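User: I would like to go through this model and ask what each label rests on. Please set the values against the definitions.

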Amino acid sequence: MNSPVSTRTYLAMAAALGFALFSLPVKADVISINYQDRFGFGFRDNSPVAPAPGNEATTLGAQRRAVLERAVDILASRLDSNTTIRVNVRFDDLGCGDRTILGQAGSLGLARNFSNAPETEVNFPYSLAAALRGNIFSDSSAEMQAAFNFRIDQGNCSDNITGFWYGLDPEVPPAFETASFLELALHELGHGLGFQALIDRDNFQFLFDRPDRMSRFVYSQNLDRSWRTMTAPQRQASSTSGSSLVFTGEQTNLRAAERLLPPGRITLEGGDLGMFLAFLQSTQPRVPLEGLSAPMVLANGPGPGPGPGDPWHRTLACEPLSNADEVAGSIVLVKRGECPFAEKWQNAHDAGAVAIVVADNVGPDDETNIGRDSAMALDRRLPIPIWAVSRSHGNQIRSSLPLGEATMGYNNDAPARGTNDGLVNLQASSDTEGSNVSHFSNTMFPRSVMNPSITNSAFDGGIDFLPEFLQDLGWMSEQAKLAHYSGNWFNPDRDGEGCQLTLDQDQSLPILTCYFYRDGEQAWIIGDGQHLGDRFEFDPIYITSGADFGSGFSADDVVVSEWGAVRIDLIDCNNARFTMSPFDEDLPEFSTHKTRIMPVDCNIRSVNQPERLLSGNYFDPERDGEGLQLALESDPDIWALSFYTYLNGKQAWLIGSGEREGDRIHFDQMSITSGAQFGPDFDSNDVQVTTFGAITLDFSDCNNLEVTIDSVLPEFESSQRDMTRIAPRECN
Amino acid sequence: MKHSGLPRLAFSIVNRTLALLLILAVAMSFAWAESFDIESFEQIDPEKLRQAEDRMDEYLEPGTARLLRQPRNAAERYVVARQTRLAEQFAETPQWRRQADGTETLQSFWPAARATRVAIDEHGRVQLKCVSAIERLGRPLPDFRRPQTAPPAGMVK
C-alpha cells in the first residue's frame with residue numbers, strides 16, 4: 001500500500017523544515033538574521049569558492065553568511081537589547097552600470113509612544129523601539145531589512161569593482177578592486193539600527209509629522225539650534241552647512257575626543273611651511289602623536305611618468321627604486337599617478353623608507369580631492385605610514401629638496417578632523433546631498449565605518465564610535481554582559497603563549513594575565529584594568545619574581561614590579577588586537593591579533609549569557625603573589641585554568657583545560673612550557689610542552705575552593721590548600 | 001484495530017508537525033515570491049542586460065520609472081519590470097496603526113532607506129557612496145505623495 005504522503009512531498013517538507021529552522025529567530029540573540037534567499041542563491045549559493053583569508057567557508061553562500069554574521073557579532077558584542085531584533089537579508093539584483101548599488105538597508109517601520117520609550121511623540125526606528133520596549137513588532141516580519149547585489153560577484157557590473165571581498169582576517173586588506181563586504185554590512189546594519197535621519201528628502205519636514213529620535217542630537221552651530229527647534233527650511237540649510245552641523249550625543253563625542261586626530265603637517269628643517277595634509281587611510285601604522293623625523297628624499301626609479309626635464313621625472317615609484325641607498329631610513333616623496341598607491345608604498349618600503357609622502361598630480365588642493373580614492377587603493381599592510389599632500393604643497397616640498405630633517409606630525413593647535421567646537425560633524429556638504437545628515441562627516445580622521453564613502457578602511461571590523469552613536473540614541477551598552485570577553489586568547493600562529501581575561505566584581509573588574517617567555521624561560525604578568533568600551537587597558541601591569549613553589553613559597557620573597565602596559569582593542573567578543581608595551585627598553589613593544597581559544601557566541605543578550613559564576617581569580621591570602629585564574633571557555637562546562645607561581649625564584653605558569661562536574665572542576669592534563677622568546681622573536685616551534693600533572697578545584701561556594709595539585713614532575717611537589725576569590729562576589 | 005495511546009499521540013504529533021511545516025513552506029514561498037526571481041534574470045543575455053541598463057533613461061523616466069517608450073527586447077523588459085516594481089514600492093503610502101497600549105506603528109522602509117552606490121569620478125576612479133535609496137530610480141524628483149506648493153515663479157506665465 002502506498003503511503004498517502006509521497007516521498008517527494010516528504011523531501012519538500014524536509015527542505016521546508018530545514019529552511020524554516022534556518023530562518024527562525026533565536027530568542028537569545030541580540031540580532032537574528034533571517035536569510036530570505038532560496039536555496040542555491042545569494043546567501044545560500046552553493047557555488048564552490050576558494051577559502052578567503054580568515055574565512056574558511058568553501059561555498060559562496062557560506063562565505064557571505066560568515067561575513068554577515070561577523071558583522072552582527074561585532075555590533076552585538078557592543079550592544080544589548082530587551083528582545084531579539086530581526087533582520088531580513090537577501091541578495092537581489094540592485095542594478096549595474098551607472099547606478100550600481102552594492103547594498104541597501106533600513107528600518108522596516110517606525111514606532112512611537114511605546115512602553116519604555118524615552119520620549120513621546122517621537123518616531124523611533126523599529127529596531128531601537130523593539131530593543132527598548134522588549135517586544136518585537138508582530139505586524140512586521142522583521143524590524144530591519146538589508147539587501148546586497150549578487151551581480152557584483154559576477155564581475156562586469158561596474159568599472160573597477162570585480163567583486164566583494166569576503167576575507168575576515170583583520171591583517172589582510174581587501175584585494176585591489178574589491179569592496180569589503182564586512183565594511184558594507186556594518187555600514188548598512190548601522191543604518192538599520194538607527195543611524196538614519198527620518199526626514200522628507202524634498203522639504204525637510206520630519207517624516208510622518210513627528211520628529212525622529214536622531215534629530216534630538218542633530219545641532220547647527222551656525223544657528224545655535226537643535227533640529228527639533230528648527231523650521232524645515234532651517235533644517236534644509238543646515239544640512240549643507242559643512243562643519244556647522246554636529247551630533248551632540250555625549251558618548252559619541254567622548255569617544256571622538258580620544259580618537260580623532262588633528263590635521264597632519266610636514267615641517268621642514270628650518271621653517272614651518274604649514275602644510276596640512278590629508279591622510280590616506282586609517283589602517284596601521286599611524287604617525288605617532290609626537291611626530292616622525294627623518295631626512296626627506298625624492299624617489300628615483302624607472303617607469304613611466306614625466307619625461308626628462310620635468311622636476312618629477314622618475315619619481316612615480318611604480319617600480320623598485322634606484323636610489324635605495326638614499327631612501328633607506330628616510331621619508332620618501334613620490335608623485336601620484338600611473339600605478340596604485342599600494343605599489344608606491346611597497347616600493348618605498350622595500351627601499352627602506354620610514355614613511356612615504358605622495359604628492360598629488362591634480363588639483364584642487366582641498367582634502368576631499370586629495371583623499372578621493374584613499375584606502376580603496378591599498379590592498380596590503382606595510383609597517384610605514386603613507387600620507388598625501390596636495391599638488392602645490394608637493395611642488396613646494398620638492399623644490400626644497402635636498403634638505404635636512406623633515407617631521408611628519410600633527411597640527412595640535414587645530415581641532416580634530418571632523419569636529420567643530422568639540423562636537424563630531426555629521427556630513428553636510430552641498431556635493432553630497434543624498435548622503436547628508438545620515439553619516440559622520442567625510443572629513444574625520446581616522447575614518448568611520450559610518451562615513452558616506454565606503455573605503456575598505458574598516459575591513460578589519462573596526463567600527464570606531466558607531467556603538468557609542470547607537471547608545472546615545474538609546475541602545476543599551478554591553479555593560480551587563482562584559483564577561484563574554486572572559487577566557488583565553490591566543491594567536492594560532494603563536495601557539496604556546498597567550499593571555500587570560502576575567503571580569504571580576506560583578507563584571508566591573510577586568511583582570512588579565514599574560515603568559516609568555518623571555519630567553520627561553522616562562523614569564524607571566526598580571527594586573528587589573530578598566531573597560532573603555534572599545535578596549536581594555538591594563539596600565540600598569542605587573543611582573544613578579546623571587547619565590548618558590550609549594551612549601552618553599554613565602555610571600556615575603558615575592559618581588560613585584562611594574563612590567564608595562566597591555567591594551568586590548570576589541571573587534572568582537574572573539575577577536576581583538578593585543579598590544580604589549582614593556583617598560584624594559586630591551587623588550588620591544590609588540591602587537592598581535594588574538595582570538596579566543598574556544599570561540600563563543602557574541603550575539604547573545606545579557607539575560608541569556610551562560611552562567612560564569614565560578615570564573616575569576618583565586619589565591620591563598622597567606623600566599624599572596626601566586627594564584628590561579630579560571631574562565632569558562634565553552635558553555636556548558638569547558639573551563640581553562642592558568643596557575644601562576646614560581647620555581648627557584650623564577651616565574652612559572654601552568655595551563656590546562658578541564659570539565660566541571662557539580663562543584664568540582666578537574667584539569668587532568670596541566671602543562672608547563674619553556675623554550676621561546678618574547679614578541680617578534682617568538683617561534684612556536686621553540687615551545688617545549690611538558691606534562692605537569694593534574695589540578696582539581698573543589699568549590700564550597702562561588703568564592704572559596706580547595707585546590708589539589710598532583711604533580712608528576714619531581715621539582716614541583718604535590719599539595720593541597722584552600723583559596724578564596726580575590727574579589728568576593730554574591731553567590732546567589 | 002485500535003491504536004494504543006502512544007502511537008496515536010505520535011501520529012497526532014506527526015500530523016501537526018506536517019501541518020506546521022506546510023504553513024511554514026507556504027509562508028516562506030511568499031517570502032521567495034517577494035524577492036528576486038533568478039529564473040527571469042538567467043534568461044537574459046548579460047551583455048544585453050548591461051546595454052539595456054546603460055540606456056535605461058531612454059525608455060524609463062529617471063526618478064519615477066514611468067515608461068517613455070516600449071521596451072524593445074527581453075533585457076529592456078526585464079529592466080522595466082525591475083524598476084517599475086521598485087517605483088511602486090517607493091510610492092506606497094503607509095498608514096499608522098494604533099495599538100491597544102497606545103503604541104503607534106507604521107510599516108515603512110523606503111522613505112528613509114539607505115543604499116551604497118558605485119560612482120565613477122571624472123578621473124575614472126571608483127567611489128562608493130551611501131545615498132538615499134530613492135536614487136536607485138535615478139535622479140531624485142519631488143515627492144509626489146505630498147500636496148504640491150505653488151510652482152516656481154519662473155514657470156508661471
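User: What is the mean pLDDT of chain B, and what share of its residues reach 70 or more?

Analyst: This is a predicted model, in which local features need pLDDT of at least 70, side-chain atom pairs count only at pLDDT 80 or more, and totals for chains, interfaces and linings use all residues. Residues are numbered from 1 along each chain as its sequence is written, and chains are lettered from A and ligands numbered from 1 in the order in which they are written. pLDDT is the predictor's confidence in each residue, from 0 to 100. For chain B the mean is 73, and 62% of its residues reach 70 or more. The model scores ipTM 0.85 and pTM 0.89.

User: Which elements of chain B have the lowest and the highest mean pLDDT?

Analyst: Helix H1 (residues 5–34) of chain B has the lowest, 44. Helix H3 (residues 46–54) of chain B has the highest, 95. Helices (H or I, at least four residues) and strands (E, at least two) are DSSP runs, numbered from the N terminus. Over residues 1–14 of chain B, pLDDT stays under 50, and the model has one contact beyond four places in sequence for that stretch. Residues 20–34 of chain B are also below 50, with 12 contacts beyond near neighbours in sequence.

User: How many residues of chain A and chain B are in contact?

Analyst: Two residues are in contact if their C-beta atoms, placed from the backbone, lie within 7 Å. By that test, 63 residues of chain A are in contact with 51 residues of chain B. On the chain A side, S4(A) gives the most, with seven residues. By class, that side has 25 nonpolar, 24 polar and 14 charged residues. Ala, Val, Leu, Ile, Met, Phe, Trp, Tyr, Cys and Pro count as nonpolar, Asp, Glu, Lys and Arg as charged, and the others, Gly among them, as polar.

User: What makes S22(A) and strand S4 (residues 126–132) of chain B a pair?

Analyst: Two strands pair if DSSP finds at least two bridges between them. S22(A) and S4(B) have two bridges, in the antiparallel sense, so they meet the cut-off. A:Ser453 stands opposite B:Lys129 in S4(B).

User: What is the strand order in the open sheet of seven strands?

Analyst: The order is S1(A)-S3(A)-S7(A)-S4(A)-S3(B)-S4(B)-S22(A), with mixed pairing. Strand S1 (31–35) and S22 of chain A stand at the edges, each with a single partner strand, so one side of each has no neighbour in the sheet.

User: Which senses of pairing does S7(A) show with S3(A) and S4(A)?

Analyst: S3(A) and S7(A) pair in the parallel sense over six bridges. S4(A) and strand S7 (residues 144–149) of chain A are antiparallel over five bridges. A:Phe148 in S7(A) is the bridge partner of A:Phe91, and A:Gly103 also stands opposite A:Phe148.

User: Why is S7(A) called largely enclosed?

Analyst: A residue is buried if 20 or more other C-beta atoms lie within 10 Å of its own, exposed if 12 or fewer, and partly exposed in between; C-beta atoms are placed from the backbone. Six of the six residues of S7(A) are buried, so the rest of the structure largely encloses this strand. Both faces are covered: A:Met144, A:Ala146 and A:Phe148 on one side, A:Gln145, A:Ala147 and A:Asn149 on the other.
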